[in-house]
Every structure is written in structure tokens, then in C-alpha cells.
Amino acid sequence: MREVLELLERDARLTPKEIAERTGFDEKDVVNFVREMEIRGIIKRYKTVIDWEKFGDESVYAIIEVQIGLERNAGYNAIAERISKFPEVVTCMLVSGDHDLHLVIKGKTMKEVAFFVAEKIAPLNQVQHTATHFMLRAYKTEGEVMFEKEEDTRLVVHP
Amino acid sequence: MKVAKKVRELPPSGIRKFFDIATGVPDVISLGVGEPDFVTPWRVREASIYSFEKGYTTYTSNWGLLELRELISKFQYDGMKIDYSPRNEILVTTGVSEAIDLAIRAITDPGDEILVVEPSYVSYKPCVQMAGGVPVSVDTSAENDFKVTKDDLKPYITDRTTAIIINYPNNPTGAVMTRKDLEEIADVAVEHDLMVLSDEVYEKLTYEGTHASVAALNGMRDNTIVMNGFSKAFAMTGWRLGYACGNPEIIESMMKIHQYTMLCAPITAQMGAIEALRNGQDDMQAMVREYNQRRRVIVNGFNKLGLTCFEPKGAFYAFPSIASTGLTDEKFAERLLFEKKVICVPGSVFGKSGAGHLRCAYATSMEGIKEALARIEDFLDGLKKEEAPVIKNKH
């Protein structure tokens, strides 16, 4: 059934009927499986990969490296949860290396992102240091390469 | 100017004729292409670019790069559990096409008869003819899932028969043969002391169970030339890279011809192939999964349209029967092309036992397959309307 998830991950609009046809599973089993995955929270939600830049959107993305000073009795989870709750935070992950939390922030302008970091992230007690990297251009997101597709150069008939 | 008799006598390629008809018709959806729609995995392309940068632009050993032969040896062992020595039992060739030509030339004396199991890829018979041999067609049928049996072969065996050419998973039918099915071929080969030339280029595109090779059967290792390549498994058709495995005597004989003709396979392609065998398994499996999904959709689609399609368990072809429409496969394919702009290859191009069928490659996008099926449905509806008045007049 893993194949069902793989198909949905690439195209969330596939119907159970289409999935059943492609995988050879029974349509009813697909429906039940997907429902179970939704209930168990394995399927979080269905989303669309959009090339916002191409659409003309001027959104600003920044990667924020955050160093955390841990307090007694509290691991990374508490501070990570607190940061994650801001809608501006698109991604929040704990990473190895010279910083601890790796954030992706989305805002309308550079100023907005900079102020968000200065006002909401940097002042937190456990945050020792932040470094902000503004994204200039995305070449690949969510496994999707943002270049034109390679052309099909095959002959129309071939043995 | 003079063209050799042998060449003049080669029949024109039926597929070439159809290609000429189809070329130039705009906005077609083609199910006529015998190659993957995937581009070669990036890591393979990248490795080959790197080899250029490092200055690998020379000849290689006639046998092919030793590193590549070692990897092929391991790849073949993993796939079919037969150990071929990289030293003198594996020859890297310029596509499986060259391996087929070399194998046939290495074993054929004038007048030798070679059985070609049909429907089949179009190059076997001409290669036999060019080598001075006599190709003998052995028909298979949809009723028997296009497998070849002892009884199919026996009537054609004479004291001039020297070899059998098989291709499973099969182009154009998508048929496969299990180990048990292959035992019939092995029995015949052993009984009559025949070589088996086994074109296994679609090996990795096997959708149920794993591929079985006739070479793995008792007593067959040294009587079989296994031919395989990178075109289908790794979407590397244009790289022209294949190989042959077999006993040292036969492989050395093939190498003898190869060294005087091709000399060696292109080094850039060999460099890419090394990366494909080292790190390309995941890319390959992702392609196979995708083919399998399309296979289910297209086979299901044809059966729903009433074009009986036996289940192809390998390669990337469906081979539905169009006999129920009353049209010949050639007429059907031609009209489908002109009226609905869908290209399928008439089955008779692959031998007379392919007549009444169409080869439909599902190496095209899922959207393309669905659109093609919709257009074929339209075409069939149109045919039914044509038929109706004729029946009326009879009464």
C-alpha cells in the first residue's frame, strides 16, 4: 500500500478509482487505506506545489539559523513548538551542526521578515543567536525542479 | 554501381514503411515508440559528463572496460544467479543490436537454419540472412500467451538447425516465460544440440516475480548466449551500450568479429554505464514502478474497449487483438493514425503471427495513454456506425 501514498504524494488529486487502476488494488481497499492514513495523521493534508515566482508573487523567504541555549528540564521541543506556532514559520527543524533550529520564514517584504525575527524569535530567552539568509531564487522545492521540462526528442515510431 | 545480392534480397522493414507514413502527421500521440519516455537518470548523465572533463576520450579494451565487466558480472549474478567471468565470458557491445549480430555471425555457416520465435523484434531475421544463414519463423499465439513450446519448435527442426533466437520479456507482445516454461526450450536445445540466443534486454521490466533466463537451466549455461543492455533498464537507448555473456569460446569468437568491426563500445557510454550499475538501481526501480502503473491502465483500457488484450507481464508493450473489428492490423493502424492521430504499430510487422494485433508501447505519459485510449474508443464507435448500414442492407 506504500505505492498509494507515493502516488498521492506526487498528485493529490488522483481519485481512488484511478489509484486502484494503477496499482491493481481494489478501489474499496484504497478508500479504506487512505481514510485510515488520514485518521492516523500519516496523511497530514493535501497540498499543491506552486511556483509563486512565476505567478508574479513577491513573497520573501528567509532561512534562519537559530542557536538555542537549553534550560533545565526543557528539551528542544518546547521552544520549537513555540516558534512553530507562528504562521510566518513555514518550516522548523532541529539540525546538527553549529546551529540548532533551522527555520524557513515567509513574509511579504524583507523588512517584514527582518522585523519578525527581531521581534519574535531573537528576544526569546533560550535563543542565543540568529543568522538570517534571504532566499534569492528557488531552483528545486518539494522535489520539484523549477526549470522547463526536458523535451521528448524520440522518433514517433521505432522498433 | 552495384549493391550486393544479399542486401538487395533483404526485405524492406515494415516498421520503416509505417514510420514514413506516420512522420509528418501533426499532433499525434504515439504509442509506437520502442524506447523509454524517461531521460537517462541524471546521475548517469552527470558521470558521463565528468568522464569527458577528466579526459576519458580514448579506446577501451576490445572487451570493454574491466570495471564495467566486473559490475556486469555482479549484475547478472544478482539477476539470474549465473557467474560469468569478467575476464573472458562478458563482451561489452554497441547496444544489444551489435551483440545480436555478433552472436549470429559467430555461430552461422552458410545454409545453417536458425529458428526465430515470432512475433519478434525486427532485426533477428535480417541478421541471420546477412550471416548467410536461413531464418525459420516459429509462430506463437495469444491463446498460449505468446510463449513458445516444445511442440511449436519441433516441426521446424532439421539437421541444418543450429540455434533458436528468443526474446523474453518480449517485444512486441510483452510476454514473459517462467523458468518452467523455459525448460521446454532447454529440453529441445539439449536434445538437438542447439544454441539458444536469448535477448534479455527487457529483463528488468518484469512485473510479476523475477525474470528467468534459459541460461540458468540445467546444461544450458554453455549453450546459451545471453544478451542484455542498458537501453531499457536505465533508459539509455541513445548511448548504444549492451553486452553478451556466454562460454569463453563463443564470447571470444564474438570478440574477434567485434575487434575488427566496432573495435570497442564508446568509452563515454561505458563510463555512464558504470555509474548506472553502481548507483542507478533506485532510479531504475522508480521507472519500473511507473511502467507497471501504466501497464495496468492500458491493459484494462483495451479490455474495456473490447479489444482483447492478454496480460503482458514484461517489457513496455501491450499487444491487443483488433480481430473483432474485421480490419487488418495494417488498415486499423493506418486509419487510426489518419482519423484519430494515434500511432500504434501493426503487429504483422513483427512476423505473421503478430497479424491482427497492435503493438502499443506504454512508454509514454499517463495523460498520453488516457488520451490515446479515449481516441481509440472514438475510433471504434465510428467503426460500429459504419458497420450498421451494411447489416441493414443484407436484410
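User: Which residue forms a salt bridge with Lys85(A)?

Analyst: The closest N and O atoms of this pair are 3.4 Å apart, and a salt bridge requires a side-chain nitrogen of Lys or Arg within 4 Å of a carboxyl oxygen of Asp or Glu. The model is predicted, so local features need pLDDT of at least 70 and side-chain atom pairs pLDDT 80 or more, while totals for chains, interfaces and linings use all residues; side-chain values use heavy atoms, without hydrogens or water. Residues are numbered from 1 along each chain as its sequence is written, and chains are lettered from A and ligands numbered from 1 in the order written. The partner of Lys85(A) is Glu81(A).

User: Is Lys85(A) buried or exposed?

Analyst: Buried means under 20% relative accessible area, exposed over 50%, and partly exposed in between (1.4 Å probe, protein chains only). Glu81(A), at 46%, counts as partly exposed. Because its relative accessibility is 63%, Lys85(A) counts as exposed.

User: How many residues apart in sequence are the parts that Arg43(B) and Asp283(B) tie together?

Analyst: Arg43(B) and Asp283(B) form a salt bridge whose closest N and O atoms are 3.1 Å apart. Arg43(B) lies in helix 3 (residues 42–53) of chain B and Asp283(B) in helix 11 (residues 281–304), so the pair ties together parts whose separation in sequence is 240 residues.

User: How do DSSP runs define the helices and strands, and how many strands does chain B have?

Analyst: Helices are DSSP runs of H or I with at least four residues, strands are runs of E with at least two, and both are numbered from the N terminus. By this count chain B has 13 helices, and its number of strands is 12.

User: Which residue meets Arg295(B) in a salt bridge, and where does that partner lie?

Analyst: The side chains of Arg295(B) and Glu311(B) meet at 3.2 Å, N to O. The pair links distant parts of the chain, 16 residues apart, with Arg295(B) in helix 11. Arg295(B) is buried, as its relative accessible area is 4%, whereas Glu311(B) is partly exposed at 38%. The loop between helix 11 and strand 9 (317–318) of chain B holds the partner, Glu311(B).

User: Which residue of chain A belongs to a network of salt bridges with Asp37(B), Glu290(B) and Arg294(B)?

Analyst: A search of the whole structure finds 31 salt bridges over all chains. In the network with Asp37(B), Glu290(B) and Arg294(B), the residue from chain A is Arg10(A).

User: What percentage of the residues in chain B is buried?

Analyst: Glu89(B), in the loop between helix 4 (66–80) and strand 2 (90–93), counts as buried because its relative accessibility is 10%. Of the 395 residues in chain B, the buried share is 57%.
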